[in-house]
Amino acid sequence: MAGGADLTIAEARDALAKGEVSARELAGAQIAAVEAARPLNAFITETPDQALEMAEASDARRRAGEAGLLEGIPLAIKDLFCTEGVPTTAGSHILDGFTPPYESTVTANLWRNGAVMLGKTNLDEFAMGSSNTTSYHGAVESPWRRPGDNRPLVPGGSSGGSAAAVAARAAPGATGTDTGGSIRQPAAFCGIVGMKPTYGRCSRWGVVAFASSLDQPGPLTRTVRDAAIMLGAMAGHDPKDSTSVDTPVPDYEAALSGDIRGLKIGIPKEYRLDGTPPEIEALWQQGIDWLRHAGAEIRDISLPHTSYALPAYYIIAPAEASSNLARYDGVRYGLRVPGADLTEMYENTRGEGFGAEVKRRVLIGTYVLSAGYYDAYYNKARRVRSLILRDFTEAFETVDAILTPTAPSEAFAVGEKMDDPIAMYLNDVFTVPASLAGLPAISVPAGLGASGLPLGLHLIGRAFDEETLFRTAGVLEAAAGFDAVPQFVADGR
Amino acid sequence: MAVDRATVARIAKLARIRLPEQDLDPLAGELSNILTWIEQLSELDTEGVAPMTSVVAVALPKRADEVTDGGYPAKVVGNAPESAHDFFAVPKVVE
């Protein structure tokens, strides 16, 4: 594609530094790519004017000798991050007309580092979903198709618009948020890299809350190097988020040494599930062999409470969601549906403003927190969460990182798995345990499945040891040599 | 745990979500399935295990008790569906 819309973040950064391309030219090319990707419905709001304005300011800064980490790099922003003066929907009807008067810390960090905003990407409503089909603004289509089959596929979720935009070359990178797998699973489905940092690494301030003890922003990119660069610009301590951790942000890109000799990689036996497609088992084994050949030491480990992670998650996340979403009452922002009195106004607003999956989770959350059930469900789940964290803590006494598949299947067609909420929840079976334990994890595209769709490998690391993850992910990426291109891109859009 | 139609109506009331009558039965089925699936946690002995309160072991940070922000009421109510005199406006509550 002309003008650099196919460049990765690292390539664009180098081309900008050498003066081969200007931020203005790069933004122009990327805006055209965003327009070309409209059939995918990956964006809720495009911000081309703002992109050009920011790019011109970036070029001016560069001329003045002040280039940030992401100077002139165009990015897409999940529409869960509040952006000053740009509508923010969270994929929900209930935030109709909401234009934040403030900027989220993560996006403010990106702009301070010189990045340029292309627009706000589509997502499952309030980030609740694994297929990006629950958005009030319509489903997102993956840029991938099964060869010889023209049925639209889901990009995964909830950061489905971000993943589709990056895979379709509409943006070299995008922000996502991950509560139970919402960065990693869509990254795997779309054949890109998705990184969920340690809980506390990135500020949640200004990110529309789903489940506050689990939510964590992170990058979606086409390469591991790009994820390392982008996370460095997103992360950092923020006094406005009391769970943001005050610890220095390392130079993640410098961690990409390619050398994992002597590193100990754990293979958890509990992640071998009945019914996992053979090609996912095979890819996992391939990943083990790649790491072993690179000099890592492979160890079988046990995470005995793994199978309880998903049911515990479906108590904790809805419980927190029911509490967080209580703020949508038709009074301070967004949709208001009138009623005869205040209570009826609340009920009408929330009845009309929330979609089916959000209602389902708020109702589950309300139920498990209600009198008489709080201990049996909510406290029980929090105890199980302690056991899951303990499993990981014990495993990390003997290994440095853990390798698993990212998702138990490849992408499915729009409309599949829609009738059974639990079948949909199972998409996150391999990603949820690390979320509950607050650990960093990354998905790397590693191969194609039986029907020609991307599959990801998943690495879980110690808290605040994103560097080991990036280093190991870089080795996996180099060994896999994943260079398949989505049909949407191969067909020239 | 099976949830019936009346329970769905009760928790919807608690959650302040109006549900059309025809949604109650399907939701009772869906919520029952989810809760039954969640029930597998009861197999686990969690006696003596403390509930996890925080994923990061840090003391909650405190700051000085002073006003650090504010003074822009128009911005605060700028997104309100209805406002008057820099206040959020709601239907009449007190007769």
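**Entry 1: ground rules**

I number residues from 1 along each chain as its sequence is written, and chains are lettered from A, with ligands numbered from 1, in the order in which they are written. Since I am working with a predicted model, local features need pLDDT of at least 70 and side-chain atom pairs count only at pLDDT 80 or more, while totals for chains, interfaces and linings use all residues.

**Entry 2: chain B by itself**

I looked up the elements of chain B and found 3 helices and 2 strands. Here helices (H or I, at least four residues) and strands (E, at least two) are DSSP runs, numbered from the N terminus. Read from the N terminus on, their order is α-α-α-β-β.

Next I checked the overall form. The radius of gyration of chain B is 23 Å, whereas a compact globule of 95 residues would have one near 12 Å. This radius is taken over C-alpha atoms, and the globule rule is 2.2 Å times the number of residues to the power 0.38. Along the principal axes, the C-alpha atoms of chain B fill a box of roughly 55 × 45 × 25 Å.

How much of chain B counts as buried? I found 17% of its 95 residues. A residue is buried if 20 or more other C-beta atoms lie within 10 Å of its own, exposed if 12 or fewer, and partly exposed in between, with C-beta atoms placed from the backbone.

**Entry 3: where B meets A**

I then turned to the interface, where 39 residues of chain B are in contact with 52 residues of chain A. Contact means that the C-beta atoms of two residues, placed from the backbone, lie within 7 Å. On the side of chain B that touches chain A, α1 (5–14) and α2 (21–38) each supply at least two residues. The largest share, 7 residues, comes from α2(B). Sorted by class, this side has 28 nonpolar, 5 polar and 6 charged residues. For the classes, Ala, Val, Leu, Ile, Met, Phe, Trp, Tyr, Cys and Pro count as nonpolar, Asp, Glu, Lys and Arg as charged, and the others, Gly among them, as polar.

**Entry 4: a helix pair in chain A**

I picked helix α7 (residues 224–234) and helix α15 (residues 466–480) of chain A, which pack at an angle of about 160° with their axes 9 Å apart. Axes are lines fitted to C-alpha atoms, for helices over the stretch in contact, and angles run from 0 to 180 degrees between N-to-C directions. The angle makes α7(A) roughly antiparallel to α15(A); angles over 145 degrees count as roughly antiparallel, under 35 as roughly parallel, 65 to 115 as roughly perpendicular and the rest as oblique.

Which residues of α7(A) meet α15(A)? I noted A:Val224, A:Ala228 and A:Leu231, facing A:Glu466, A:Phe470, A:Ala473, A:Gly474 and A:Glu477.

**Entry 5: two single residues**

Is A:Leu231 buried or exposed? A:Leu231 is buried, because 25 C-beta neighbours lie inside 10 Å. Beyond its neighbours within four places in sequence, A:Leu231 has contacts including A:Met195, A:Pro197 and A:Tyr252.

My other pick was A:Pro278, in helix α8 (residues 278–293) of chain A. A:Pro278 is exposed, because 9 other C-beta atoms lie within 10 Å. A:Pro278 and A:Gly449 are 171 residues apart along the chain, and 9.3 Å separates their C-alpha atoms.
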